[in-house]
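Hello,

Here is the structure we spoke about. My notes on its aromatic residues follow below.

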Amino acid sequence: MNGFAHKSNDPDKASADPITVEVIRHSLVSAAELMRLTLARAAYSSIIYEAVDFCCAVYDKDRRLLGQGRSLPLWLGTMHFCIEASVNNVGGESALRPGDVLLHTGAYETGSHAQDLAIIVPAFLDGQLIGYATTKAHQMDMAAKHPYCMDTTDIFQEGVIFPGVRLFSAGERVDDMWRTLLANTRLPQILEGDVAAVIASAHTGANALSNVVDKFGIDVFNEAVGLIFDRSEASVRRKIQALPDGRYHGASAIDNDGVLIDELIPFDVFVDIDGTGITVDLSTAPAQRTGPVNCPLPSTVSAARFAILSLIARTEEINEGHFRPIELKTREGTIFHPRSPAPIFDYFVPGMIAIDTIHLAMSPIMPGETAAGSGGDLGGIIAWNYTGEGELDAIAADHPTGQGATATGDGAPPMTHISCSGGRNTPIEVFESKFGAIVVDKVELVTDSGGSGEYRGGLGAHYCYRALKPFQVTSGNDRQRTPPEGLLGGGKGLPNLTGLFVDEQLARTISKVNDMTVAAGAYLKVRVGGGGGYGAASKRNPDAVHDDIRNGYVSEKAARQSYPHAFVR
């Protein structure tokens with residue numbers, strides 16, 4: 001058994017006054033937000049500046065999270081693993097110098113596939129190391145076997161690995177390493193621009209952190225940070241203590257691993273509450289898979305943290321103190337704690353499903369706080385082809401899914417999965433202008449896709465892409481075999497579905513597919529699922545039923561089946 005938990009220390013009585021503590025706390029969050037804005041404004045790729053597929057954070061010298069930008073919460077707190085590994089790999093803290101920039105793409109230390117390139121900039125004040133700023137952002141190509149992969153069988157097929165190396169040394173670019181980086185991509189011009197933007201983002205955070213420490217002094221700063229952590233920890237513990245002690249269970253499944261495409265992968269989640277502490281137990285998870293649906297430990301830690309904190313600290317700016325009451329149990333060699341070199345390219349799918357399953361496990365004790373199941377997937381596609389000059393042209397797009405209903409209302413229409421709630425979908429205009437092989441013919445809500453209930457699940461959506469000329473596509477869509485669950489008697493939502501259509505006829509359904517050709521004139525259609533319903537359908541207000549029919553959200557036939565009481569005269 002492996003455990004992961006944060007323990008607090010007993011700090012000396014702080015001399016920082018409460019106002020100063022709050023100013024420092026907000027300043028640290030603002031530092032991370034400045035990083036986010038810098039990257040979004042400077043990046044070349046729409047996956048960064050439109051879809052917000054990145055995270056930004058500042059850490060103290062002991063690699064404790066001070067503040068994280070509002071981008072991808074699925075990466076909440078993963079970066080301390082990356083910082084620790086990178087610093088150790090270049091010789092430890094004593095080897096760091098102002099102006100150093102460290103690069104890491106190793107999955108088992110960043111928690112992500114190699115495309116999620118991480119940059120770490122140490123922050124100094126008067127020559128003393130005071131912390132780190134780090135940015136992790138998705139790159140369009142990092143020399144994997146394809147621009148995006150769903151059938152890899154080891155991490156060496158998933159992109160070039162930079163195991164925490166200096167990209168800049170004391171402010172001077174390490175040209176050999178820079179040239180090596182750009183030599184290992186099919187899109188060197190785009191990668192060069194995006195990495196420069198990531199570096200600028202991390203420098204922005206390091207400078208902002210140094211300015212905060214310089215303004216207040218290192219002693220007051222350290223005292224304030226200790227208070228911030230302790231107060232955040234106390235807030236989480238109070239909310240855990242209000243929950244009944246016990247062991248709670250949730251079960252779900254991953255559609256397949258991308259290699260054995262017919263084999264469902266079920267798993268269980270247990271949540272143990274004991275006083276003021278909470279443990280997420282994934283130790284019974286199935287063995288790591290041949291295909292890339294293994295989730296490396298840093299991302300499993302992050303998923304567990306996010307699942308709990310999104311229920312009990314949803315309005316708070318997260319820092320290290322929030323993590324202390326949360327423990328994770330895993331077993332090495334499983335899908336949630338794989339051993340290298342097991343493939344991990346599709347790591348976010350088990351992470352997202354685990355979050356939903358943890359929420360399902362906690363729903364009996366938090367019925368007013370948990371939502372019914374959502375479409376539960378990013379619904380992502382990556383399309384590419386080669387220009388007449390032999391250069392790669394590529395674009396990526398996620399597809400928001402219908403959200404589960406709650407105790408207070410119907411589920412929201414298509415939105416990005418809660419674990420990626422800082423992200424956005426790529427606008428149609430951007431998609432078409434950036435990738436000339438595709439026209440988006442249709443985007444529409446899917447009637448009858450939300451689960452029935454006192455409160456109806458949010459609707460899914462249908463996206464129709466027409467090929468103007470041939471292109472290749474990778475699709476990693478999951479949750480096509482496991483419909484979104486309803487809560488307290490609510491109905492299940494419609495699951496996801498992706499298909500290739502030729503001459504208006506369905507040629508094949510697609511689960512996880514790698515490098516599939518879409519011929520000119522063919523259609524790629526993505527249907528993202530709806531959310532589950534909440535409460536018994538017999539309790540739904542008849543007026544709401546008839547409003548749904550008028551708006552086209554529910555067909556009259558389905559309404560008569562699910563809500564017969566609404567048609568009684």
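**Aromatic rings and their surroundings**

Phe435 and Phe471 are both buried. Their ring centres are 5.9 Å apart and the planes meet at 85°, so this pair is edge-to-face. Phe435 sits in the loop between helix H11 (428–434) and strand S15 (438–445), while Phe471 belongs to strand S17 (residues 471–476), so the pair ties together parts 36 residues apart in sequence.

Please keep in mind that this is a predicted model. The protein chain has a mean pLDDT of 93, with 97% of its residues at 70 or more. Residues 1–12 are the stretch to treat separately: the pLDDT there is below 50, and beyond near neighbours in sequence the stretch has 31 contacts in the model.

Searching the whole structure gives five aromatic pairs. One of them is formed by Phe267 and Phe336, which are edge-to-face with 5.2 Å from centre to centre and 70° between the planes. This pair links distant parts of the chain, 69 residues apart: Phe267 is in strand S10 (residues 265–274), and Phe336 is in the loop between strand S12 (326–330) and helix H10 (348–362). Phe267 counts as buried because its relative accessibility is 2%, under the 20% cut-off. Phe336, at 1% relative accessibility, counts as buried too.

Two lysines also lie over aromatic faces. Lys136 is over the face of Trp75, 4.4 Å from the ring centre. Lys525 is over the face of Tyr523, at 5.6 Å from the ring centre.

Regards

How values were computed:
Residues are numbered from 1 along each chain as its sequence is written. This is a predicted model: local features need pLDDT of at least 70, side-chain atom pairs count only at pLDDT 80 or more; totals for chains, interfaces and linings use all residues. Side-chain values use heavy atoms; hydrogens and water are left out. pLDDT is the predictor's confidence in each residue, from 0 to 100. Contact means heavy atoms within 4.5 Å. Rings of Phe, Tyr and Trp (its six-membered ring) pair if their centres lie within 6.5 Å; planes under 30 degrees apart count as stacked, over 60 as edge-to-face and the rest as tilted. Helices (H or I, at least four residues) and strands (E, at least two) are DSSP runs, numbered from the N terminus. Buried means under 20% relative accessible area, exposed over 50%, partly exposed in between (1.4 Å probe, protein chains only). A charge sits over a ring if NZ of Lys or CZ of Arg is within 6 Å of the ring centre and within 35 degrees of the ring normal.
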